[in-house]
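Let's take a quick tour of one protein model. Have a look at it first, and then we'll go through a few of its parts together.

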Amino acid sequence: MGARVRILLVEDDRRVAAALSSALTRRGYEVEHAATVAAALSAAPCDLVLLDLTLPDGDGTDLCRELRRRSGQLGIIAVTARGEERDRVLGLRLGADDYVVKPFSMVELQARIEAVLRRAAHAVPARNLIEAGAVRIDVSARTVSVGGRAVALTRKEFDVLLSLARQPGVAVPRERILLDAWGTTWTDRHTVEVHVGSLRGKLGDPGLVETVRGVGYRLRGE
């Protein structure tokens with residue numbers, strides 16, 4: 001990876017930020033620190049954001065939503081003390097690629113950073129156009145339509161749908177979806193469920209993505 005990978009660290013606790021910045025810099029990343037929502041929004045472009053959800057001038061979830069609105073390709077990992085399931089679900093629905101609860105080890109954090117960056121680097125597979133029933137996916141443009149209606153998806157929602165669309169009508173295990181969309185199976189067990197729930201709402205037909213109990217999910221392929 002090396003110093004070319006730029007990380008924006010959004011953290012209001014300066015002691016925590018200093019320790020994390022030092023550890024990440026030693027691992028070859030270029031790190032910019034922002035202690036507020038305003039500073040994060042005016043920061044230079046980066047490859048990945050480590051985002052604390054508790055900030056002095058606003059809520060990190062609102063910042064997450066705005067960062068995702070600006071870029072569907074930006075890697076976002078929520079790094080926070082908010083460990084309740086409702087907080088994790090909200091963060092993922094707003095566009096975070098992963099969610100790390102404090103306290104955590106640098107080994108875990110680096111593994112998650114690498115997984116998000118790896119997935120972003122290999123986001124475009126060989127097939128450029130996939131059609132499964134009413135669902136049409138332009139992989140190169142990363143656009144989706146259902147019955148001719150354009151559907152706006154977050155980067156991870158798109159990757160989850162793409163994992164299912166590669167094998168329409170076939171049950172895809174949760175582990176396979178995690179590997180396709182996150183590059184790892186080492187993440188919260190509710191991650192796939194949350195993104196599938198969001199997909200169903202945005203696609204306009206909840207039955208398009210079917211639950212295969214005990215296995216995973218299937219994209220209706222007729």
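How many bridges join strand β9 to strand β10, and do these strands run parallel or antiparallel? This is a predicted model, and in it 4 bridges link β9 (residues 135-138) with β10 (residues 143-146), the two strands running antiparallel.

Now follow the chain on to strand β11 (residues 149-151). β10 is joined to β11 by 3 bridges, and this pair is antiparallel too. Val144 turns up again here: its bridge partner in β11 is Val151.

| Hairpin | Residues between the strands | Residue with positive phi | Phi |
|---|---|---|---|
| β9 and β10 | 4 residues | Arg142 | about 55° |
| β10 and β11 | 2 residues | Gly147 | near 60° |

Next, the largest pocket. How much space lies in it? The answer is about 170 Å³. Among the residues lining this pocket are Leu8, Pro45, Cys46, Val49 and Leu74. The elements that give two or more residues to the lining are α2 (37-41) and α3 (60-70).

And what kinds of residue make up that lining, by class? The count comes to 10 nonpolar, 1 polar and 1 charged.

Methods:
Residues are numbered from 1 along each chain as its sequence is written. This is a predicted model: local features need pLDDT of at least 70, side-chain atom pairs count only at pLDDT 80 or more; totals for chains, interfaces and linings use all residues. Side-chain values use heavy atoms; hydrogens and water are left out. On a 1 Å grid over the protein atoms alone, a cavity is a set of points where a 1.4 Å probe fits but cannot get out, and a pocket is an open set with protein on both sides within 12 Å along at least five of seven lines; lining residues have an atom within 4 Å of a point. Grid points are joined across faces, edges and corners, and a volume is the space filled by probe spheres set on the points. Ala, Val, Leu, Ile, Met, Phe, Trp, Tyr, Cys and Pro count as nonpolar, Asp, Glu, Lys and Arg as charged, and the others, Gly among them, as polar. Two strands pair if DSSP finds at least two bridges between them.
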